[in-house]
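This report covers a few local features of one protein chain. The sequence and structure come first, followed by the notes.

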Amino acid sequence: MSIQSDNDALAVIEPTGDHTELKPAKRVERTVSTNVNPPSTPVKLDVPDLIPARMLNEYAYCPRLAYLEWVQNEFADNYFTEDGRFAHRRVDVEQGDVNQTTDDDAPRVVRSSMLSAPQAGFIARIDLIEVTGEVAVPVDYKRSSKPNTPNGAYDPERVQLCVQGIILRENGFTCDHGIIYFAGSKDRVEVTFDDALITQTQSLATQLRKMGEQGHIPPPLNDSPKCEGCSLVSICLPDELVLLSKQQQQQDSNEPRRLMPARDDALPVYVQEQGAYVTKSGDLLIIKKGSQKLAECKLFETSQLSLLGNIQVSTQALHELVSRNIPVGYFSSGGWFYGMTIGLPHKNIELRIHQHRVAANQKQSLLLACRFVSTKIRNCRTMLRRNADNITELILNQLKELSQQAYECESAESLLGIEGTAARLYFEIFPNMIKRNEIDGDFTFTGRNRRPPRDPVNALLSLAYSLLTKDLTIIITMAGLDPYLGFYHRPRYGRPSLALDLMEEFRPIIADSTVIAAINTGVITSEDFTYAGGAVALNKGARKSFMQAYERRMDQLIRHPVFGYQISYRRILDVQTRLLGRYLSGEINAYPEFITR
């Protein structure tokens with residue numbers, strides 16, 4: 001990602017090739033514990049009266065994909081979907097009226113026509129219709145080349161086209177065949193709507209409707225090549241769920257394929273120049289102050305926009321960001337996370353119903369809370385073992401014992417006590433990880449304090465936790481969960497409780513690690529802080545440096561401790577959130593903790 005600016009008020013993160021691989025934790029049996037499972041009762045939702053033709057295509061290709069898109073309203077773009085959109089650029093522009101009457105039978109073409117067939121129960125936006133009098137021929141555009149199959153097209157494409165033919169028939173046209181146009185090879189393949197194809201189409205429609213009415217998501221495909229080009233693979237997690245299922249059944253399993261990219265192409269943009277103004281021009285975000293342009297960045301390279309302090313955003317820019325599902329985060333000038341602007345709430349109400357069911361069950365909530373806290377303590381222990389000088393085996397053994405106690409805890413009150421004891425031990429040894437004091441003695445740390453932080457180390461910790469809270473709140477929202485309904489952190493006005501829950505296991509290995517590295521490498525020095533009224537805060541230039549350090553940590557590749565492939569921390573946060581959703585909906589028997597060693 002690129003941005004044209006040298007201004008200290010802007011922190012836009014560049015990917016770095018310098019990544020340290022962390023070793024995965026040993027897989028432990030408790031990861032697949034089945035003490036208490038979330039309810040497997042399906043959520044029955046109203047099924048639309050009309051089935052979109054594209055959804056029948058998806059169902060014929062992969063029933064799980066159809067469920068994700070039609071029932072749960074999940075969607076994501078990749079190269080193939082973008083390329084398909086480009087191939088449709090002409091036929092997606094509406095032209096003509098299929099029901100228009102003419103004085104003669106001269107052929108005419110209608111583009112991007114939305115038609116429905118209430119009796120048959122179908123609806124479709126037909127790319128192109130060739131009309132001659134009462135005869136209509138639907139033409140469906142595909143980005144790919146003509147496949148080498150007996151019918152000249154795969155069944156999902158033939159079924160989708162057949163739906164369009166059924167719709168045209170119900171609208172009074174004679175329609176006995178259609179055309180699939182393969183843009184990649186410029187081939188037109190004729191598909192006859194014979195009885196066999198019509199019967200197949202109607203049968204698939206019945207199965208699709210039944211699947212939606214029952215509310216049971218189909219299992220993922222097992223080691224299927226279909227998954228490799230699917231845009232929803234990072235949402236579906238097919239290989240990961242198959243692996244976890246086999247582990248839970250104590251079956252041999254192969255390491256899953258890394259079907260998703262290791263890193264995100266789009267990256268966050270931070271703006272902290274007070275009085276700045278964000279607007280848009282074409283596909284660019286423009287950051288100005290008065291008449292001076294401070295920076296610009298490409299919208300398709302932007303994953304989120306974070307505004308620190310008094311920054312304005314134009315209505316046009318906000319509309320564009322919302323339409324592209326790019327969240328806008330709002331912070332105080334010191335980095336306190338206030339909230340965010342996104343588009344409409346995620347349409348996957350089924351997932352949120354499962355979340356509310358589990359949150360309302362004290363025993364199930366406690367099970368998750370125990371996992372979050374136990375993993376946090378283990379990762380804190382790893383941080384100390386890896387970075388602290390003069391740490392004793394006694395402290396390490398105490399943390400190990402506290403982690404086990406948290407895992408087996410039987411009450412929320414006891415869990416809070418265990419976490420508090422572990423935090424006290426951890427922060428007592430925390431100064432042993434700060435090497436900079438040998439050069440710069442102003443990073444003395446005597447314990448955790450906040451609101452406001454009263455020393456430089458606590459100021460950095462608070463900012464790192466705020467950034468991590470922001471990232472998880474965005475990821476949770478985009479995944480369809482409610483960030484304000486947690487299991488360990490109970491609901492409180494304005495507190496993103498679920499984000500704080502998922503943060504627990506990542507606090508030490510992302511936030512604390514960023515702080516330690518920023519101090520020890522001299523990215524942040526004692527001269528980078530402002531002291532006022534007993535509070536300590538980073539100055540503007542240092543905030544930019546620290547946020548860059550945080551984003552470098554988020555971009556760092558790490559081997560996933562359960563799945564074995566390498567992905568960035570930012571991707572891992574998304575995977576863990578999706579896996580929590582699969583646990584809540586009953587697809588897997590346990591939430592797989594993220595433990596490094």
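## Thr477 in helix α13

Thr477 is part of helix α13, which spans residues 456-479. The model is a predicted one. Thr477 has a relative accessibility of 12%; the cut-off for buried is under 20%, so Thr477 counts as buried.

The side chain of Thr477 comes to 2.7 Å from the backbone oxygen of Thr473. When neighbours within four places in sequence are set aside, the residues in contact with Thr477 are Met340, Ile342, His346 and Pro483.

## Packing of α10 and α11

Helix α10 covers residues 362-387 and helix α11 covers residues 393-407. The two pack with their axes 7 Å apart, at an angle of about 165 degrees. Angles over 145 degrees count as roughly antiparallel, and α10 and α11 are therefore roughly antiparallel to each other. The crossing of α10 past α11 is left-handed.

On the α10 side, the contact is formed by Cys370, Arg371, Val373, Ser374, Ile377, Arg378, Arg381, Leu384 and Arg385. On the α11 side, Leu396, Leu399, Lys400, Leu402, Ser403, Ala406 and Tyr407 take part. By residue class, the contact of α10 with α11 comprises nine nonpolar, five charged and two polar residues.

## Glu273 in the β8-β9 loop

The loop between β8 (267-271) and β9 (277-281) contains Glu273. Glu273 is buried, its relative accessible area being 11%. The side chain of Glu273 is joined to that of Lys289 by a polar contact of 2.8 Å.

Methods:
Residues numbered from 1 in each chain as written. Predicted model: local features only at pLDDT ≥ 70, side-chain atom pairs only at ≥ 80, totals over all residues. Heavy atoms only, no water. Axes fitted to C-alpha atoms, helices over the stretch in contact; angles between N-to-C directions. Helix = DSSP H or I, 4+ residues; strand = E, 2+ residues; numbered from the N terminus. Parallel < 35°, antiparallel > 145°, perpendicular 65-115°, else oblique. Left-handed = near helix turned anticlockwise from the far one by under 90°. Contact = heavy atoms within 4.5 Å. Nonpolar A, V, L, I, M, F, W, Y, C, P; charged D, E, K, R; others polar. Buried < 20%, exposed > 50% of the residue type's maximum accessible area, 1.4 Å probe, protein only. Polar contact = N/O pair within 3.5 Å; in protein donor to acceptor, adjacent residues only side chain to side chain.
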